Amino acid sequence: MKRATRLLLLKTLALFSVVRWWNIVLLIAAQYLTAIFVLNDPAHFLNTIADPLLHFLVLSTGLVVASGFIINNFYDKEKDLVNRPKQTAFELMLSQPTALNLYLLFNLLALVISAGISFRAVLFFTAYALSLWLYSHKVKKLPVVANVIKALLTFVPFFAVFIYYKIPHWGLASYAFFLFTLELGRALVKDVVFLKGDVIYNYPTVPVLTGRMGLKRHLMAINLSGWAFVFAIYYHSQPFSPLLGYFLLCCMLLQSMTAVILSRWLGKPQKANWLHNLYKAILIAGIAMLPFL
């Protein structure tokens, strides 16, 4: 009995690792912060939280994103055994049939729950789930396009909140696209960290295809795009919070630093991983800054 309980616990922990639970927690936090502080009056906090449909929306999002990580993990298994062998070996405790059944179950539950919101919500989450599958199955091996699509899919849930409240907020939209440029930068850093597996399994990422100079050019283009969204945020978010301004400036300095040093760290995954973790911290801070929009 104890052995069976221990095995069940390990498989549950493997599932949490596969679905990247920390990413889902951050996404849920971003949706609640957007709903409470940006699209509604913070003074009416209790009224916002008391809305069951908001919780349906957040739960549907979490389930679809979890299913997306499961199917992505399914297609990337061999490459991940090279790039992160210990974590992948642990995740393999969750058998392939079980993982695929959970993938279908999570998507089905998301659609059933979203039906309680509206038919438009069902269409939105159906399209989102299909897009996540299409990315993992087909798009992932398209150079440059894969990074852009992945970053866009990361921030689609922001627009789920827009659809629910039907409130246009150009400052928030600009901020979401600014975070999108940070996610693009993070994705390129991750490609450098996982360069070995990409080369072995012929994943045509930017570092694999273009080398140092191509990587530097792509990062500089992302940096310029980020500045454009910074000005858009400033224009649409008045009065402008000084704290938000300092944060945006730090982000742009990070992007500039990345463009300068990352190309020198090609083939040095440990150093690139340090930068990758820094990007994660900045993105977490970016979610925490939502109330200041």
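A pocket here is an open set of points, on a 1 Å grid over the protein atoms alone, where a 1.4 Å probe fits, with protein on both sides within 12 Å along at least five of seven lines; lining residues have an atom within 4 Å of a point. Points are joined across faces, edges and corners, and a volume is the space filled by probe spheres set on them.

This is a predicted model, so local features need pLDDT of at least 70 and side-chain atom pairs pLDDT 80 or more, while totals for chains, interfaces and linings use all residues. Residues are numbered from 1 along each chain as its sequence is written, and side-chain values use heavy atoms, leaving out hydrogens and water.

Select Val19, Ile24, Gly62, Leu63 and Ala66. Of the 13 lining residues of the second largest pocket, these are the closest to its centre. The pocket holds about 200 Å³ of space. Now colour helices H1 (2-18), H2 (21-38) and H4 (52-75), the elements that each give two or more residues to the lining; helices are DSSP runs of H or I, at least four residues, numbered from the N terminus. H4 gives the most, with five residues. By residue type, the lining has eleven nonpolar, two polar and no charged members; Ala, Val, Leu, Ile, Met, Phe, Trp, Tyr, Cys and Pro count as nonpolar, Asp, Glu, Lys and Arg as charged, and the others, Gly among them, as polar.

**Stop two: the core**

Next, pick Ile70, Tyr175 and Phe178, which touch the most other members of the 86-residue largest nonpolar core. Such a core joins buried Ala, Val, Leu, Ile, Met, Phe, Trp, Tyr and Cys residues through side-chain atoms within 4.5 Å, where buried means under 20% relative accessible area, exposed over 50% and partly exposed in between (1.4 Å probe, protein chains only). Helix H10 (residues 170-193) gives the most to this core, with 13 residues.

Rings of Phe, Tyr and Trp (its six-membered ring) pair with centres within 6.5 Å; planes under 30 degrees apart are stacked, over 60 edge-to-face, the rest tilted. Phe177 is partly exposed at 30%, and Phe229 is partly exposed at 25%. Elsewhere, ring pairs link Phe124, Phe125 and Tyr128 into a cluster.
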